[in-house]
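Here are my notes on this model, as numbered points. Please read them with the structure open.

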Amino acid sequence: MATYVPDMETQAIARNLMRRYSYLLGELNIEKIGFLKELDSPSKTKLAVTKRVDGATKIYYSDKDYIIIFFDQRWQELTPAQRNILVLHELMHCQADGESMRAHDVQDFYEIAAAFGADWCFNPTVRDPLGEEKVDLISKPANYGDEES
Ligand SMILES: [Zn+2]
């Protein structure tokens, strides 16, 4: 049984991110986004999920375009920096039009993204895996899922 509660902490983080990264997040209306924590069921694969409110759910949540659910047991394991990045990530799924979801741009292996950056293919100064400096390729923790929202 999942327990959802409205969450002011993530909403406050979102407001700060909106102020600082207005050039990226722009016209997003934070009042149209519902911030929830899910307290009981730890998700093995997800830290959070963003859902668009549409169709039948719009009847009850007519004042929201999106709902972002943070899984609290995973949230507690994150550093403040990781929490802020996670909220930014979820906000970036939301669109100013309230009608669509932005999909992820990047798909890569964890070892490569962690060692060389997700932007390696656009970065001419990226480290060389066969260069002088040895690069450690580190696999993700075993309980870390493939599916991230
Ligand atoms: Zn995502």
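**Notes on the fold and on helix α5**

1. This is a predicted model. Of the chain's contacts with a separation of 6 or more, 69% join residues 24 or more positions apart.

2. The chain holds six helices and four strands. Their order along the sequence is β-α-α-β-β-α-β-α-α-α. The C-alpha atoms fill a box of roughly 60 × 35 × 25 Å along the principal axes. Of the 149 residues, 16% are buried.

3. How do α1 and α5 cross? The axes of α1 (residues 8-20) and α5 (residues 80-93) come within 9 Å, at a crossing angle of roughly 75°. Angles of 65 to 115 degrees count as roughly perpendicular, so α1 and α5 are roughly perpendicular to each other.

4. Which residues make this contact? From α1 come T10, I13, A14 and L17; they meet R83, N84, V87, L88 and L91 of α5. By class, the residues of this contact are six nonpolar, two polar and one charged.

5. The length of α5 checks out. At 1.5 Å a residue, its 14 residues should span 20 Å, and its end C-alpha atoms lie 21 Å apart, which agrees.

6. Which residues of α5 are buried? They are L86, V87, E90 and L91. Viewed down the axis of α5, the buried residues fall within an arc of 135°, so they line one face of the helix. An α-helix has 3.6 residues a turn, so residues three or four places apart point the same way.

7. What do the buried residues of α5 pack against? Their partners are α1, α2 (22-25), β3 (48-52) and β4 (66-71).

Definitions and conventions. Residues numbered from 1 in each chain as written. Predicted model: local features only at pLDDT ≥ 70, side-chain atom pairs only at ≥ 80, totals over all residues. Axes fitted to C-alpha atoms, helices over the stretch in contact; angles between N-to-C directions. Helix = DSSP H or I, 4+ residues; strand = E, 2+ residues; numbered from the N terminus. Parallel < 35°, antiparallel > 145°, perpendicular 65-115°, else oblique. Contact = placed C-beta atoms within 7 Å. Nonpolar A, V, L, I, M, F, W, Y, C, P; charged D, E, K, R; others polar. Expected span 1.5 Å × (residues − 1). Buried ≥ 20, exposed ≤ 12 C-beta atoms within 10 Å, placed from the backbone. Arc of directions from axis to C-beta.
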